[in-house]
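Me: Could you walk me through this model with a few questions and answers? I would like the cut-offs spelled out as we go.

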Amino acid sequence: MELNGIIFDLDGVLVHTDEFHYQAWKQLADRLCIPFDRQVNNRLRGVSRMASLEIILEAADRSFSDEEKLAMAEEKNAAYRKLLETMSPKDVSDEVVETLSKLKERGIRLAIGSSSKNAGFILKQTGLDIWMDAVSDGNNITRSKPDPQVFLMAADMLTLPPAQCAVVEDATAGIDAALAGGFLAVGIGDAAGYDRTDKPLSTFSDLLSIL
Ligand code: BG6
Ligand code: MG
């Protein structure tokens, strides 16, 4: 396979902001007395903010108006942004930086394909922005993963066909999106154990040997 581009999911792949998402949702769920644990949290990986809220509210014993839901999503996002403000380049592992650097040396173009509307802020806070040739995120899409839109737009920005790109994901919804778009689907973390994943990674730097 001729591989010229790699599109990375952000939360849970390049940085551990998946933990911050969990903490911010947990704070909201506890206040509303809605049961929420890490197993439910895994279902939120790759899913948009409002769709994530709907999944959490499945366990609520009453229904909520659209206004109430919007207020909840804003409350969660404010708590999440507070956690993001504490981030710096120290939150990116040496392994991630060294791997991105080696991929660049090989002439591979790198992009972000994230459902998050906070992706730009995270990339700036952590200094990851300097490695990326393109950023496709929650601000330029109308359909969330498992729809392939976010990855197709990233490939388009790289001016590469999907068949020449790999997608690296921690979400099963992201693996489904990658496959639907015709990309090689590489899974890490939760997605490494998913049976649809083309190439599972046990650690991020494995990317250098499997491609
Ligand atoms: C994805 C996360 O990257 O972004 C999801 O995996 C999250 O858990 C989604 O819901 C949307 O994030 P944000 O920052 O726009 O609320
Ligand atoms: Mg993710």
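Reply: Happy to! Let's start with a term: buried means under 20% relative accessible area, exposed over 50% and partly exposed in between, with a 1.4 Å probe and protein chains only. This is a predicted model, where local features need pLDDT of at least 70, side-chain atom pairs count only at pLDDT 80 or more, and totals for chains, interfaces and linings use all residues. Residues are numbered from 1 along each chain as its sequence is written, chains are lettered from A and ligands numbered from 1 in the order in which they are written, and side-chain values use heavy atoms, with hydrogens and water left out.

Me: Is Thr-99 buried or exposed?

Reply: Thr-99 sits in helix H5, residues 94-105; helices are DSSP runs (H or I, at least four residues) numbered from the N terminus. Its contacts (heavy atoms within 4.5 Å) include Phe-204 and Leu-207, leaving aside residues up to four places away in sequence. Because its relative accessibility is 1%, Thr-99 counts as buried.

Me: What separates the C-alpha atoms of Thr-99 and Ser-205?

Reply: Ser-205 is among the residues that Thr-99 touches. The two are 106 residues apart along the chain, yet their C-alpha atoms are separated by 5.7 Å.

Me: Which helices do the buried residues of H4 pack against?

Reply: H4 spans residues 66-85, and its buried residues include Met-72, Ala-73, Lys-76 and Tyr-80. The face turned away carries the exposed Glu-67, Glu-74, Lys-82 and Glu-85. The buried residues pack against H1 (17-31), H3 (49-57) and H6 (119-126).

Me: Which helix gives the most to the lining of the largest pocket?

Reply: A pocket, on a 1 Å grid over the protein atoms alone, is an open set of points where a 1.4 Å probe fits, with protein on both sides within 12 Å along at least five of seven lines; lining residues have an atom within 4 Å of a point. The lining has 32 residues, with Val-47, Ser-48, Arg-49, Ser-115 and Ser-116 nearest the centre. H1, H3 and H4 each supply at least two residues. The helix that gives the most, with 6 residues, is H4.

Conventions:
Expected span 1.5 Å × (residues − 1).
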